[in-house]
Amino acid sequence: MCFLYNKPVTFSLNRCLSFQTAELKLKDLCAKLTLISRRCTRRLGTRMWRRGANFEGDTANFIETEQLLETEDFSFSFLQVRGSIPLLWEQIVDLSYKPHLRVISHEQTPNIVERHFHDLSQRFGEILAVDLTDKHGEEGQLSAAYAAEMQNQQNVRYVPFDFHFHCGNSNYDSMKILYDQISEDFEKQRYFMIDRKGDILEEQKGIIRVNCIDSLDRTNVTQCYMAQKALNHQLQRIGVLTCSECISMFGEENGKFRILWAEQGDEISLEYAGTNALKGDLVRYGKKTLAGLIKDGISAVSRYYLNNFHDGIRQDALDLISGHYTVRRNAPSPFQRNNFEPLSYLPVASALIIGSLTATSFTLHQAGRNTQQYVSSVICAGITAGIMAIVKANGRQFCSRPRLCGLL
């Protein structure tokens with residue numbers, strides 16, 4: 001179920017991209033649980049072609065997710081947001097599995113971060129920024145740059161949490177380490193609550209902003225955990241659960257809750273990355289499964305293909321339909337191919353590499369019989385290595401690239 005509507009202040013146009021519901025039966029209570037996710041279109045795009053922020057402070061993959069709980073007498077709302085790290089940075093595809101990540105140094109960076117969090121505080125109140133990125137390698141350099149800028153944000157609490165270090169790929173229970181760090185602020189932010197007459201009994205006073213490198217997989221796991229905590233507080237508030245009980249004690253209903261969040265994560269990931277979310281079984285079952293590992297492997301390969309050979313076209317389509325690119329009658333088409341197009345030669349290069357590898361394998365098998373076969377093997381291997389070196393050195397040119405709008 002999707003619709004367009006206007007939101008005030010900064011993020012003026014959003015699209016509801018995810019809408020899921022489930023019926024819960026806890027003790028004598030019947031309740032309806034709904035998830036709605038709204039994507040900001042100010043920096044709309046695909047995973048590798050829209051990273052970080054623009055100069056106005058709008059970030060890629062910025063999504064507001066609302067969890068609604070409706071009972072006969074009360075209704076609750078709990079909001080969370082996610083979004084790319086609000087710095088200028090890029091990770092342009094180049095045929096490698098993990099492209100080089102580059103933080104762009106710019107004098108406007110402090111203003112960009114300030115604009116982003118000022119807009120969030122205007123809309124939501126107090127901001128708790130949770131950063132799930134790794135603290136080593138290129139991802140660690142980006143995280144360090146983010147942490148340095150956040151020292152200048154007086155009204156935002158920044159919480160770094162190395163998800164992979166603490167949780168690995170399967171330890172969902174380690175999310176408690178993060179929750180213990182932020183529980184006081186989390187409980188102060190509260191949630192929205194009204195009774196059947198429409199009287200407001202509680203208002204949410206702030207929001208948690210979560211990010212990882214893509215603001216997809218690790219973020220899904222974390223937001224699901226926080227939403228579960230909020231749901232426990234709400235059910236305890238109206239007396240359905242005691243202070244010692246939680247939703248996870250009710251296996252069937254907890255399963256519905258987890259599936260709801262897993263499906264929501266898949267919807268968000270499909271639009272940004274082109275595949276279902278990774279780590280989906282952590283959300284569904286709280287642990288890794290063999291089927292989940294296989295599914296993640298397939299999704300990872302699919303992401304590689306889409307990011308390198310398809311997302312440039314998708315990005316152009318998104319820029320066009322969102323109005324970021326305006327067609328001018330007398331302007332030359334950006335799709336006119338007057339120059340050398342490396343992407344069109346990639347199938348030829350791939351065929352040559354496969355053919356050379358096949359020839360090398362065949363001649364190596366025959367090499368022991370005479371010197372001529374050995375020389376042929378060396379020549380075929382050299383041709384293969386040469387073609388592979390050319391493709392690798394020009395990796396960016398062989399990938400699908402957007403033509404309508406720049407990265408920022």
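About 60 Å³ of space lies in the largest cavity of this predicted model, a cavity being a set of points on a 1 Å grid over the protein atoms alone where a 1.4 Å probe fits but cannot get out. Grid points are joined across faces, edges and corners, and a volume is the space filled by probe spheres set on the points. The lining, made up of residues with an atom within 4 Å of a point, consists of Phe-78, Phe-186, Glu-187, Arg-190, Tyr-191, Ala-230 and His-233. At least two lining residues come from each of H4 and H5. Four of the lining residues are nonpolar, one is polar and two are charged; Ala, Val, Leu, Ile, Met, Phe, Trp, Tyr, Cys and Pro count as nonpolar, Asp, Glu, Lys and Arg as charged, and the others, Gly among them, as polar. The structure holds two cavities of 30 Å³ or more.

Residues are numbered from 1 along each chain as its sequence is written. Local features need pLDDT of at least 70 and side-chain atom pairs pLDDT 80 or more, while totals for chains, interfaces and linings use all residues, and side-chain values use heavy atoms, without hydrogens and water.

Helices are DSSP runs (H or I, at least four residues), numbered from the N terminus. The axes of H4 (residues 175–189) and H5 (residues 217–237) come within 11 Å and cross at roughly 50°; axes are lines fitted to C-alpha atoms over the stretch in contact, and angles run from 0 to 180 degrees between N-to-C directions. H4 and H5 are therefore oblique to each other, since angles under 35 degrees count as roughly parallel, over 145 as roughly antiparallel, 65 to 115 as roughly perpendicular and the rest as oblique. In their contact (heavy atoms within 4.5 Å), the residues of H4 include Phe-186 and Glu-187, and those of H5 include Ala-230 and His-233; these four also line the largest cavity. By class, this contact has eight nonpolar, two polar and three charged residues.

H5 also packs against H6 (residues 251–272), with axes that come within 10 Å and cross at roughly 140°. Asn-220, Gln-223, Cys-224, Ala-227, Gln-228 and Leu-231 of H5 meet Asn-254, Phe-257, Arg-258, Trp-261 and Gly-265 of H6. Five of these residues are nonpolar, five polar and one charged.

Technical notes
On a 1 Å grid over the protein atoms alone, a cavity is a set of points where a 1.4 Å probe fits but cannot get out, and a pocket is an open set with protein on both sides within 12 Å along at least five of seven lines; lining residues have an atom within 4 Å of a point.
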